[in-house]
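Hi,

Here is the model I said I would pass on.

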Amino acid sequence: MEINSKQLLKVLLKAFTSAFKWNIGKWFISVGLGILTSVIIPFGKEVWKWDYITAIKYSAYAFGAFYLFRFIAIAIKESIKYFHSIYKESVYGDAIILLKQSFAEAHYYRKTPEFQDEDFMRSMMVFCNNLKIIYDKITKSNCSVSIKVPIKDAKVSEHTVLKNLTRNTENSARDTKKYQETQHTIIGNSAFSNCLDRVLKNNPEKFYINNDVNNEKNYRNTSKECYDNQELPYHSELVHPIIPLKSKDNINYDCHGFICVDSDKPNSFESKYLPAILEGVADGIYDIIEQLNSETNGSN
Amino acid sequence: MAVTKIQPRFEIKEQTEESVVYQRVISLKGRKPKEVEKIVNELPTATIHTITMEEYEKLKSIEARLVNEFENKERTTLNFKRAFFSFFEL
């Protein structure tokens, strides 16, 4: 986190002036006169044999102490506000920078006429790795990001199989042999079938969020069988279909798969900003998979 | 937050060599065939584009090659980060 010393000085200055911003009458009655008349003069006279000047002097000290207390309290409050805003700015600011990098990679791939499959995969992996950093920071949990693509099968049906194209590097160990061999169908997974259902209903929100996957009764997930006790290594899930943000008629969508984010903590995903990030990325990924497919089909 | 619960009700409208077109299933009860046809024609569709297993395997082999590159990059960044934060006790 980068701390701006100028801003911090501003915060302290604000606390310094704010500490004074108390009605002068209040200062005088509650602090000055109050202490002088009710405590210091009688008590000082009786115990320490003070004269009036000494009592006033101690009253001024008390005034100073009150001011200092008020200043520190306000400075703490303002600093917390400042650091909170810095933290928020840095989380979403970093997200913008990482997304810019990811899209730069994707656009480079799109703009290069003699692109290679390696460039395509690199750009997919950059998206997954950067999205992981973004979602880790925002959700304050350990997230995993993957891209699933439908595989052409001899028998095309509702049981269309999806395979993991790539996953963020840190969580790549999840793609075990068993995981790869499992038939991950659209119908067998609540996330995919719900996303597809939403597309087919032309629902403006096409994402799927489940914030407690291990305790949801009707939740289907073909990955469960790959783990001990059929318990998934995550608790929350956010999935978005890889479709364009806008289509020609906004009724008929082309879909190239799904982008999935999961988190090891329950209740990780809110439904406003986090799906919006994924929606934008899905739109970008759609273009490059579309380009890969058209090049592949064109070259065949 | 509420968990999304939607029972998927869709079917394959058509399929080509490299794609599958999905459409919602509508209830036929109390509807005339012409009415059903009109509704079905206006229903949104989703075309799922597939890739061949060969293409997929080719991409996965590229990924396996690139993973090392990414892991090395990540490890360097993480070490530097860890050293920085532990030095300044942040």
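In chain A the C-alpha centres of domain 1 and domain 2 lie 45 Å apart. Domain 1 covers 1–115 and domain 2 covers 124–297, with bounds that come from an automatic or database domain assignment. Before you read on: this is a predicted model, where local features need pLDDT of at least 70, side-chain atom pairs count only at pLDDT 80 or more, and totals for chains, interfaces and linings use all residues. Residues are numbered from 1 along each chain as its sequence is written, while chains are lettered from A and ligands numbered from 1 in the order in which they are written.

The two domains of chain A do touch: 11 residues of domain 1 are in contact with 12 residues of domain 2, contact being C-beta atoms, placed from the backbone, within 7 Å. The domain 1 side of that contact divides into 6 nonpolar, 2 polar and 3 charged residues. For those classes, Ala, Val, Leu, Ile, Met, Phe, Trp, Tyr, Cys and Pro count as nonpolar, Asp, Glu, Lys and Arg as charged, and the others, Gly among them, as polar.

Domain 1 also holds helix α3 of chain A, residues 52–111. Helix α3(A) has 60 residues and reaches 85 Å from its first C-alpha to its last, close to the 88 Å expected at 1.5 Å a residue (the expected span is 1.5 Å times one less than the number of residues). Helices here are DSSP runs of H or I with at least four residues, strands are runs of E with at least two, and both are numbered from the N terminus. Which residues of α3(A) are buried? They are A:A55, A:S59, A:I74, A:S102, A:E105, A:A106 and A:Y109. Buried means 20 or more other C-beta atoms within 10 Å of a residue's own, exposed means 12 or fewer, and partly exposed is in between, with C-beta atoms placed from the backbone.

Next, the sheet in chain A. Its 6 strands form an open sheet in the order β3-β2-β1-β7-β5-β4, with antiparallel pairing. β3 (184–185) and β4 stand at the edges with a single partner strand each, so one side of each is left without a neighbour in the sheet. Two strands count as paired if DSSP finds at least two bridges between them. β2(A) and β3(A) run antiparallel and are joined by 2 bridges, and A:V161 stands opposite A:T185 in β3(A).

The largest nonpolar core has 59 residues. By that I mean a set of buried Ala, Val, Leu, Ile, Met, Phe, Trp, Tyr and Cys residues joined through C-beta atoms within 7 Å. Among those with the most contacts inside this core are A:C195, A:V239 and A:I285. α4(A) gives the most to the core, with 11 residues.

- A:K140 is in the loop between α4 and β1 of chain A. Its phi is near 50°, a positive value in a residue other than glycine, and A:K140 is exposed, with 11 other C-beta atoms within 10 Å.
- A:N267 is in the loop between β7 (258–263) and α7 of chain A. Its phi is near 55°, again positive in a residue other than glycine, and A:N267 is partly exposed, with 13 other C-beta atoms within 10 Å.
- A:K201 is in the loop between α6 and β4 of chain A. The C-alpha atoms of A:K201 and A:I251 are separated by 8.9 Å, though the two are 50 residues apart along the chain.

As background to the phi values, most residues other than glycine have a negative phi.

On to chain B. It has 2 helices and 3 strands, in the pattern β-β-α-β-α along the sequence. Of its 90 residues, 16% count as buried. Strand β2 (residues 19–24) of chain B pairs with β3(B) in the antiparallel sense over 5 bridges, with B:Q23 opposite B:T45.

Finally, how many residues does each chain give to the contact between the chains? Chain A gives 47 residues and chain B gives 35 residues. The chain A side that touches chain B has 16 nonpolar, 19 polar and 12 charged residues.

Cheers
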